[in-house]
Amino acid sequence: MLRFIIKRVLAALLTLVAIDVITFVMFFAIPSSPAEANCGKNCTPETIARVNHYLGVDRPFMVQFAEFNRGIFLGRDVDGGRVLNGKPVIDHCHIPCLGYSFKTQEQVTDVIGRALPVTTSIVIGAAVLWLVTGVGLGVYSALHRGKFGDKFAIGVSLVGTSMPVYFFALLLLSIFVFSTGLLPYPQYTSIATNPAKWALALILPWIALTFVQAAGYARYSRSQMLETLSEDYIRTARAIGLPARTVHLRHALRAAITPVITLFGLDLGAFLGGVAITETIFGMHGMGWASVQAASDLNLPVIMATVLIASVFVVIMNVIVDVLYAFIDPRVKLS
Amino acid sequence: MRRTWSVAAIGLLTVAVGAAGCTKNTGNDDTGSKGPQNNSKLVYVDDAKGPAPEIKDAKKGGILTVLNVQDFDHLEPQNTYVGAAIMVGNQLGLRTLTSYYEKDDGQIELMGDLATTTGQQTENCKVWTYKLRDNIKFEDGTAVTAKDIAYGVSRAFDESQADGPTYIQRWLAGEDFGKAYTGPFKNPGTIAPGITTPDDKTIVFTLQGSHCDFPLAAALPTTVPVLAAKDPGGGKMESPMSTGPYKIKSYTRGQRLEWVRNDNWDPTSDPLRHNYADGFVFDFSQSDPDIITKRLVADQGADQLAIGFPNPTSASLPDIQSNESAKKRVIEGDTIFSQIVSINTQRVTDVDIRRAMIYAYNKQAVLQIIGGATAGTPSTTLTPPVTPGYKKFDAYNVPLTGDPDKAKTLLQGKTLRPFKYCYRAGGVRPQVAAAVKEAFAKAGIEIVPTELDRTTFYSLIGKKGNDCDLAPTGWGQDYPSPTTVLGVLASGHEASHDGSNNNSWLDVPEVTSKLDELASNPDPASALPQYGDLEEKIMKDYAPWIPIYYVHSYTINGSKVGGIYLSQLWGSPSLQNAYVIQ
Amino acid sequence: MTTQSTTAQPYLVVEDLKVRFTTEDGVVRAVDGVSFELPRGRTLGIVGESGSGKSVTSMAVMGLHARGKRTEIAGKILVNGKNIVTMTDEETRKMRGNDMAMVFQDPLSALHPFYTIGRQITTAYKVHHPRASKEDARKRAIEMLDRVGIPEPHRRVDQYPHEFSGGMRQRAMIAMALVNNPALLIADEPTTALDVTVQAQILDLLTDLQKEFNSAIIMITHDLGVISQIADEVLVMYAGRVAEHGSIEQVMRSAQHPYAWGLLESIPSLHGDPEEDLKPIKGNPPSLINVPSGCAFHPRCPYRMMNPGPCDLEVPQLLAISQPGHSVACHLPEDRRVAIYTNEVSEVGVAQ
């Protein structure tokens, strides 16, 4: 098992290096001149050259790439061409250095450092909710197949899967905030500052994501459960006299939930990279919001960082899912 | 200034939010504001004394929230050029040598702010002397001296401050001011050429030429005092030190900016400002203007204390218009910003073709796309009514939907090439381009709409010899004077270099010399009517642009917000008299 | 073959069992009036094509049909004197795996892939021995694995089904079925998925175990070869009804029903000419929603008597014939059947 894990982690690291290279090449190849874009009215060729030097884009590709990656692990000193008290100021970009935001001049790490907890708060909270409600609903439906409860749940989840998240989010806002004032407009507060306020602000985003996601999970786990219930080993479990509850929850659910967990892991990885629509509607400045803003500002360092981090999440979750799968399903060959 | 301004230096994209109008909401007047669009008059007041006159019904207490879709790019004083950022800084904490007071009747008073008067000039507006008021302190208790203002103006010369206004720098050191003096960061202990501080209370500016607009330029944040000892350097000043009623308590970029009362502010030293509210919180977390509008319309809980900065889009306008309470909380009016199509006169050289384009343009179709009357008022002039020097005229009497037949008559016997219509990517601009193409086609003019990158649009159309024939652009005054409108957009000086704002590339010696003459008139007020006449003549003789509309501002506040009016100078809801209705 | 318990009290009595499923297409008469008895120590073979009702019958005996609006069960199933048909679900559950157990066709899919063999056997044990300790249950599992001939049971008890060979899996399945010493074991095609040598081993194992535990076994199969090796009695089912019922000797050596002949003819003989074609039964098994009128087999029967009737008009009754214990449901006169069998069927030969 240990060898399997090490192998998977090594493969993931290779993937990350590839992503790093591809992302870097991609943004390097973009036919845009950030210097010119941000230089504006009083722009002279000297200014552009200075800005290009500051951004480092006047150096060979390999040098830039090496610098960038060195910065991530070791930090680096950046000469922004700033002078104070007659002396040049060298800014130290601390570990992990992802460069500086074109827009606010802060270290990208700080931008991400603010955004990441927001997205994590939204996504992990919502993920727990949607997994529990989705699987719960799906299992309930499967066990009451064809009955009213099943039909109702299928109906609700059909609405859920066909309703765009922005629509549902706005609906929630207009019901709970705009019309009734039952909840204040969400104002993200760090969990460390005030857990109650944190939760209060996140209720609506959680519900919005849960509703939309749980619908898919309900449908998926329902079909998985139905498939499992028709398996021979479920008949065996009944034939040895196990009570229905044990058959359903221990034997059937165990097998039915495995693909659901896989999906969940991959979704979680994708979502942790940012849930742009939900974040934007509820005014939460998470990774999704940051990447949308960065994209519209052509803020390359931030775009790169968000892309890289989103990929890291996807890759990490892939490894976790693989390893978890090996634990759940003994048939997985550990090689 | 550009309404959406793309200016120099790394990462500094300034976005002016909203616009200015001449209507005034006096505190608890809950009828909203639909004031007349009268021609504002600028008055110099030289005997202003603190404290500022009390606002009727205003009481102390409560924290007001400003909701905006985007953070200010920065508040570093010498680097700020966006209306809302200048206004917020000036009204809450970053006092300047002179400042404006916008009166209920639409009149603007310029008065000494840190200085006792609007300025003493000698030698035909070449030398300007200011005396500082008593009891002016930084938020840390340090007294503000003339040296701090000299230092502030000097740091405006540093290349890191390229986003900010450049009037005073140019007047002190010439057009190439950046070469003449590179600022105090590179030259520690120096101050800009032409500035002297005979004593702690006196600062003297000796300009290279006659600039009677100096008191107006001194109201721009170039003159915000900065304590050299605490200056973190260019581009790094996140929370500038306050000299006004509020100071910055915390600032999370892109998210939240919190101002609290400044105990080191003495109301008797300030003829303009109040500190009714306990503080102001700027909340930038919601980037969708429609959701902000919906919150303000709903007027629930804490949002009753909120001031909306962004204009609602047409998607959320019905929310306001179908709600009686919300309609009363709207602050609206035309602004200093004017939208035109600049015709490149050096490429479209035949004035009759330019006139035909004016006839062919369908303003009604375009206004419909941008959101109707709450977004713009159809115009026939470049200079908007709120800018001094405005003259009401209509050079061609074109109906709102255009007059393609008249255009065709003008084009008779001419062979036209397709014209390149360059527009900035984003928003509804592609739809507008399509509407223009359709309207022009009716008159037999073919245009090729070409989308240019959002961030580089203005630098591309500002390049000398660029190949755009037509370009929709926006413009507004930098300070209440036509010198910053017609004086920029029609001046041949501007048509000589890259980075130009004269996007029509109009270069007529008689126009340029007339503008120069008007700018050096020691009595600016007497020059004002001549600007209107000159613009009408330019329009008739050279037809260098198609006026489309004056940008209209339309914002909404929570029900417990008092004292908000639309600042015609800065184009945003003014916080100067704001208080919490209790 | 053992004859020791022919006189014993029948452990299982099935009387006029009818199982019907309501589907969207109509009512499926899966089992339509089946009766038989089975004492302990004896083996009943049920043969028939798929859809003949043999598996439904066995599931009914196990009480595994979820009774409800869609499933209707009538008649009597007495296991050890207790009627499964009228019992509550909980009562049948308590009997399942304890009084009667079942071995399924494909041991790979019938065993849970995520649990070890040992865990599955201990689960089966502990459900009916709630007070047994973990260690006891494990000991019991190892003992059972050992008993069914799995080498190194101490080690293999902790392995997963996919780590077992097909035959070993079926042995494990049998161990699991017998862990609670059930008096009735139903084996539903237990050897179909296995290769021939393993088949024989499994059948031997079942025979041995039967001797040891004196259990009643129902062997469900479509393979008369298997039946001939293990069963005492044979029940030939067709379209939910019993076509022929008799001792293994009677059915194998003097079958009376044309359908049984068909089955016999489709078995390869060890003595017959390998070049000679086997004769498959023509046609397809009937739909159980629209069972053919009269004798359900008549559309496929080469000896049917019609114009007029009775094969397409009257349902033939299962009637005893001259040999005691042998009964058949066929309109053909007995002498004709004997003649046909002697002249045509026995020639083809049976695996014997």
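Me: What kind of model is it, and what is the numbering?

Reply: It is a predicted model, in which local features need pLDDT of at least 70 and side-chain atom pairs count only at pLDDT 80 or more, while totals for chains, interfaces and linings use all residues. Residues are numbered from 1 along each chain as its sequence is written, and chains are lettered from A and ligands numbered from 1 in the order in which they are written.

Me: What ipTM and pTM does the predictor give the complex?

Reply: The ipTM is 0.85 and the pTM is 0.81.

Me: And what is the mean pLDDT of chain A?

Reply: The mean for chain A is 86, with 93% of its residues at 70 or more; pLDDT is the predictor's confidence in each residue, from 0 to 100. Helices are DSSP runs of H or I with at least four residues, strands are runs of E with at least two, and both are numbered from the N terminus.

Me: Which stretch of chain C has pLDDT below 50?

Reply: Chain C has a mean pLDDT of 85, and 92% of its residues reach 70 or more. The stretch below 50 is residues 1–7 of chain C, which has eight contacts in the model beyond near neighbours in sequence. Two residues are in contact if their C-beta atoms, placed from the backbone, lie within 7 Å.

Me: How many residues of chain A are in contact with chain C?

Reply: There are 18 residues of chain A in contact with 22 residues of chain C. On the chain A side, helix 9 (232–239) and helix 10 (244–272) each supply at least two residues, and helix 9 of chain A gives the largest share, six residues.

Me: How does that side divide into nonpolar, polar and charged?

Reply: The side of chain A that touches chain C has eight nonpolar, three polar and seven charged residues. Here Ala, Val, Leu, Ile, Met, Phe, Trp, Tyr, Cys and Pro count as nonpolar, Asp, Glu, Lys and Arg as charged, and the others, Gly among them, as polar.

Me: Staying in chain A, at what angle do helix 5 and helix 12 cross?

Reply: Helix 5 and helix 12 (residues 287–297) of chain A cross at roughly 135°, and their axes come within 7 Å. Axes are lines fitted to C-alpha atoms, for helices over the stretch in contact, and angles run from 0 to 180 degrees between N-to-C directions. The two helices are therefore oblique to each other; angles under 35 degrees count as roughly parallel, over 145 as roughly antiparallel, 65 to 115 as roughly perpendicular and the rest as oblique.

Me: Which residues make that contact?

Reply: Helix 5 of chain A contributes Val111(A), Ala115(A), Leu116(A) and Thr119(A), and helix 12 of chain A contributes Met287(A), Gly288(A) and Ala290(A). Five of these residues are nonpolar, two are polar and none is charged.

Me: Now chain B. How do helix 9 and helix 11 pack?

Reply: In chain B, helix 9 (residues 351–360) and helix 11 (residues 404–411) pack at about 170°, with axes 8 Å apart. They are therefore roughly antiparallel. Among the residues that meet are Ile353(B) and Tyr359(B) from helix 9 of chain B, and Ala407(B) and Leu410(B) from helix 11 of chain B. By class, this contact has eight nonpolar, no polar and three charged residues.

Me: What is the strand order in the four-stranded sheet of chain B?

Reply: The order is 7-8-10-9 in an open sheet with antiparallel pairing; two strands pair if DSSP finds at least two bridges between them. Strand 7 (120–122) and strand 9 (195–199) of chain B stand at the edges with a single partner strand each, so one side of each has no neighbour in the sheet. The twist averages 20° from one strand to the next.

Me: How many bridges join strand 7 to strand 8?

Reply: Three bridges join strand 7 of chain B to strand 8 (residues 127–131) of chain B. Gln120(B) stands opposite Thr129(B) in strand 8 of chain B.
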